[in-house]
Amino acid sequence: MILKQFLIFAAIAKHRNVARASEELQISQPGVAQELKLLEQNFGVKLVTKSGRGIDLTDAGWRFLNQITPILSQVEDLNRDLGPSAAPKAESLAIGGTYSTSTSVLPSVLALFKKSHPRAEVALRTGQRRFVERLLLATEIEIALVAGAPRSDRLVAELYRKSKLVAIVPKHHPLAQKPKVSVLELADTPLVIRGGPSQKSTTENLLRASPIQRSLNIAMRCDSPEAIKLAVREEMGVGILYEDAARAEIKKGEFKALKLSDMKLEGESWIVYRRDKALSSLAVDFLKLVRDCRDKDQRRLAAALSVDGEKNFYGRSLLFGPPHSDETPDV
């Protein structure tokens with residue numbers, strides 16, 4: 001309490017005004033006046049007097065100010081050396097992901113990262129690939145995991161993995177009863193995919209390169225996997241999205257993943273970061289962890305596959321320059 005009164009008196013002496021002292025200390029004016037009165041009563045001396053200009057210090061007030069100034073300086077030194085601001089500040093890392101990677105890959109990677117960096121403050125930004133790419137170029141994030149390779153030559157892209165896309169329907173859908181679905185059967189069905197009216201998604205590019213390109217029937221384009229799943233629940237069409245994004249619903253039996261007899265759909269996810277800007281120490285550690293997770297996945301898959309031609313499903317661990325195709329956002 002005495003220290004608080006010293007601080008209040010020093011502020012009054014500085015401003016010669018109770019209102020200004022109140023603003024500086026963020027204490028009400030009545031509170032400032034009350035603490036000043038208690039201070040004078042405690043020491044039994046009049047410290048201030050009112051004047052036409054506001055407040056003046058008495059002779060005793062000047063002597064008192066000279067006595068408490070070294071005390072307040074020592075308190076300030078203690079706060080600077082030992083106070084909360086002297087404690088090591090938590091480092092921060094901003095990363096990005098497209099909708100599919102933010103729900104399927106990044107949560108588990110971030111959980112591992114937080115175990116090894118418990119003090120790190122991590123921010124995850126999620127959006128379509130072009131949005132995430134803009135965040136990287138604007139230095140709002142340092143590193144990202146995206147579906148589909150970026151287009152800017154200012155970005156480095158490392159292949160993370162190739163991922164299977166699935167066609168999903170409600171469990172009571174007529175196609176759900178078939179052991180296999182042909183391309184022609186799929187072509188007769190309205191499709192719900194990622195993308196927007198002015199841009200083609202990776203899914204659409206893959207479909208247009210498939211045997212059903214001429215009869216492609218797109219009923220709806222959605223911004224996110226969740227929107228696709230909602231449309232499928234409402235029976236608006238067959239949804240096509242990354243298997244990881246629908247794995248939980250498929251496992252619970254809410255959706256049925258169709259077995260396509262004569263078509264295989266795969267997309268790619270990429271680790272992306274700035275080419276012209278050094279990564280922070282946290283970003284370097286995060287990049288190493290993502291690479292380790294990718295390599296472990298690659299080894300597990302290689303051990304599970306018996307056909308040599310499929311052993312490169314995840315690709316080699318190489319740095320790739322961004323492609324310059326017309327392909328746009330992620331799946």
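User: Why is F113 called buried?

Analyst: Buried means under 20% relative accessible area, exposed means over 50%, and partly exposed is in between (1.4 Å probe, protein chains only). F113 has a relative accessible area of 1%, so F113 is buried. Some background first. This is a predicted model, in which local features need pLDDT of at least 70 and side-chain atom pairs count only at pLDDT 80 or more, while totals for chains, interfaces and linings use all residues. Residues are numbered from 1 along each chain as its sequence is written, and side-chain values use heavy atoms, with hydrogens and water left out.

User: What makes F6 and F43 an aromatic pair, and why is the pair called tilted?

Analyst: Rings of Phe, Tyr and Trp (its six-membered ring) pair if their centres lie within 6.5 Å; planes under 30 degrees apart are stacked, over 60 edge-to-face, and the rest tilted. A search of the whole structure finds 5 such pairs. F6 and F43 are 6.5 Å apart, centre to centre, with 35° between the planes, so the pair is tilted by that rule. F6 sits in helix α1 and F43 in helix α3 (residues 29-43), 37 residues apart. Helices (H or I, at least four residues) and strands (E, at least two) are DSSP runs, numbered from the N terminus.

User: Why is the pair of F113 and F286 called edge-to-face?

Analyst: The angle between the planes is 80°, and the centres are 5.5 Å apart. That angle is over 60, so the pair is edge-to-face. F113 lies in helix α6 (residues 106-116) and F286 in helix α12, so the pair ties together parts 173 residues apart in sequence. F286 is at 3% relative accessibility and therefore counts as buried.

User: Which residues do ring pairs link into a cluster?

Analyst: The cluster holds F6, F9, F43 and F64.

User: How do you know that R291 and E158 form a salt bridge?

Analyst: A salt bridge is a side-chain nitrogen of Lys or Arg within 4 Å of a carboxyl oxygen of Asp or Glu. The closest N and O atoms of R291 and E158 are 2.4 Å apart, so the pair qualifies. R291 is in helix α12 (residues 281-304) and E158 in strand β6 (residues 155-170), 133 residues apart. E158 is buried, because its relative accessible area is 2%. R291 is at 28%, so R291 counts as partly exposed.

User: How many salt bridges does this rule give?

Analyst: The count comes to 16. One of them joins D56 and R16, with the closest N and O atoms 3.8 Å apart. D56 is in strand β2 (residues 54-57), and R16 is in the loop between α1 (2-15) and α2 (18-25), 40 residues away. The side chains of E185 and K178 also meet in a salt bridge, at 3.2 Å from N to O. Salt bridges link E226, K229, R233, E249 and E254 in a network.

User: Why does K259 count as exposed?

Analyst: K259 has 57% relative accessibility, so K259 counts as exposed. K259 lies in the loop between β10 (255-257) and β11 (266-274).
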